[in-house]
Amino acid sequence: MVKEAFKAAEKILVGFLGKSQLQEKVKVHRATAHFQHIRDGKVIWEGDALNVKTTAGIDFTFAQTYGTSAQANGLNYIALSNDALTETTASTTLSSEIAANGLSRAQGTYAHTAGTSTATISKTFTCSTSSQAVQKAALFSAASSGTMHHALSFTQRPLQVGDQLTVTFTITIT
């Protein structure tokens with residue numbers, strides 16, 4: 001009888017303690033990106049892509065959001081590449097990152113409307129010195145090196161001198 005009473009009490013205790021008083025879950029979804037290839041002021045191609053969230057990027061996000069030490073710049077630098085290699089969750093760099101032709105890593109514009117669950121980072125790159133193809137983009141925390149988080153690939157774009165590539169990452173948190 002005593003043994004049965006302890007089992008009943010244990011179930012009640014686990015049931016009581018197992019429920020959080022505040023059951024709030026935060027989920028950072030995969031970022032999406034929208035691309036526009038612009039030539040002579042006209043959009044000649046548009047596309048969308050989903051990203052890979054890197055392990056280093058997830059760790060960076062936790063430190064930025066919940067850490068107690070001084071924090072680094074946010075993930076708002078956009079880098080481009082023409083490499084066909086697919087980044088994985090273990091990737092820490094964007095393979096064959098472009099560092100010329102006006103397509104070098106650059107800080108994007110951050111936008112967020114208070115009370116909403118999305119933010120965007122956008123940048124328009126202009127191909128300036130010679131033709132260059134592009135097929136990948138990623139977000140970083142710095143102008144060089146830094147932490148890479150959202151990396152993705154899209155349909156290869158053959159940019160000519162004067163062409164523009166607009167990249168807009170949309171990050172959703174729910």
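## Surroundings of Arg-105

Beyond its neighbours within four places in sequence, Arg-105 is in contact (heavy atoms within 4.5 Å) with Tyr-77, Ile-78, Ala-79, Glu-97, Ile-98, Phe-140, Ala-142, Ala-143, Ser-144 and Ser-145. Arg-105 sits in the loop between β4 (77–81) and β5; strands are DSSP runs of E, at least two residues, numbered from the N terminus. Its relative accessibility is 14%, so Arg-105 counts as buried (under 20% relative accessible area, 1.4 Å probe, protein chains only).

The side chain of Arg-105 makes a polar contact with the side chain of Glu-97 at 2.8 Å. Such a contact is a pair of N or O atoms within 3.5 Å, one able to donate a hydrogen and the other to accept it. A polar atom of the Arg-105 side chain also lies 2.7 Å from the backbone oxygen of Ser-145.

## Sheet

Five strands form an open sheet, in the order β2-β1-β10-β7-β6, with antiparallel pairing (at least two DSSP bridges between two strands). β2 (42–50) and β6 (109–112) are at the edges with a single partner strand each, so one side of each has no neighbour in the sheet. From one strand to the next the twist averages 20°, with axes as lines fitted to C-alpha atoms and angles from 0 to 180 degrees between N-to-C directions.

β1 (residues 32–39) pairs with β2 over 8 bridges. Ile-38 stands opposite Val-43 in β2.

## Confidence and conventions

The model is predicted: local features need pLDDT of at least 70, side-chain atom pairs need 80 or more, and totals for chains, interfaces and linings use all residues. Residues are numbered from 1 along each chain as its sequence is written, and side-chain values use heavy atoms, without hydrogens or water.

Mean pLDDT (the predictor's confidence in each residue, from 0 to 100) is 84 for the protein, and 83% of residues reach 70 or more.

Methods. Helix = DSSP H or I, 4+ residues; strand = E, 2+ residues; numbered from the N terminus. Buried < 20%, exposed > 50% of the residue type's maximum accessible area, 1.4 Å probe, protein only.
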